[in-house]
Amino acid sequence: MLFDVINGLAWRNAAVDAVMLFAAGPLIYILGAAALLVAVLHMRHRDRIANLWLTGQAAVALGLSFVVNRVLRALAFHERPFQTRQVNLLVQHDPGVSFPSNHATAALTFAFVIGLLISRRWGWILFAPALLVAISRVFVGVHWPSDVIWGGIVGLTMTVLVMVIGRKFQTRPWSESAETEILPRSDDTVIIKR
C-alpha cells in the first residue's frame, strides 16, 4: 500500500523527519508568499485592469477549490489514517475527515494558478515545493495518498475551469496593445491606431 511506503519512512532519519515536518506545516505559508511575490512582480508590467482581472481569477480558483473541498468533506469519505490503524504519527492532529487534503489543495493550487495564469516556468518551480507539501502530509501520518491526490485534482480542475471561463469573458488584452498609442491634446485624448 502506498501509504505504508511513504509513512513507513518516518522515524528512520532525523534530518528527513525534520524536512517533512517543515513541509507539512510552515512550508505552505512560504509557498503562498512566493506565489504572491511572483504574481506581484509579474503585475508590474501590466495595466491596472489586467491586474484586477488576474487577481480575481486567482482568488476565484483558490476559493472554488476550498468550496469543493468543503462539499467533499461533508460527504465524509474516510477518517484520518491514525484513527483507523497504527501509523508513524509525527504531528499531533485532531481526528476527523481527511478527504481531500486542504494543505495539498492550497499548495498545488498556488502552483497551478501561477503556472497557468502567469508564468509556466514559475509554475513548475513552485510545483516542486507544492508536491513536497502534499507528500509530507502522508509522511507525517495525517492523510492518505488519495487525500492529497484528490486535493491536487480539485486545485487543477478549478484553476483550469477559471482560466477557460475567464478567457471567454475577457474583453481586454492582458496589457496595452503595441498598436495603440495615447497622445494628450488640449481638447481631448485621442487614440491613434498605428
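1. In which helix is Asn51 found? Asn51 belongs to helix H4, residues 48-74; helices (H or I, at least four residues) are DSSP runs numbered from the N terminus.

2. This is a predicted model, in which local features need pLDDT of at least 70, side-chain atom pairs count only at pLDDT 80 or more, and totals for chains, interfaces and linings use all residues. Residues are numbered from 1 along each chain as its sequence is written, and side-chain values use heavy atoms, with hydrogens and water left out.

3. Asn51 counts as buried because its relative accessibility is 14% (buried means under 20% relative accessible area, exposed over 50%, partly exposed in between, with a 1.4 Å probe and protein chains only). A polar atom of the Asn51 side chain lies 3.1 Å from the backbone oxygen of Met43. Leaving aside neighbours within four places in sequence, Asn51 is in contact (heavy atoms within 4.5 Å) with Met43 and Arg46.

4. A search of the whole structure finds one salt bridge, meaning a side-chain nitrogen of Lys or Arg within 4 Å of a carboxyl oxygen of Asp or Glu. Arg85 and Asp4 form this salt bridge, with their closest N and O atoms 2.6 Å apart. The pair links distant parts of the chain, 81 residues apart: Asp4 is in helix H1 (residues 2-7), and Arg85 is in the loop between helix H5 (81-84) and helix H6 (102-118). Arg85 is partly exposed at 30% relative accessibility, and Asp4 is partly exposed at 35%.

5. Ser98 is placed in the loop between H5 and H6. With 0% relative accessibility, Ser98 counts as buried. Beyond its neighbours within four places in sequence, Ser98 has contacts that include Arg73, His78, Trp144 and Asp147.

Notes: Helices (H or I, at least four residues) and strands (E, at least two) are DSSP runs, numbered from the N terminus. A polar contact is a pair of N or O atoms within 3.5 Å; within protein, one must be able to donate a hydrogen and the other to accept it, and residues adjacent in sequence count only if both atoms are side-chain atoms.
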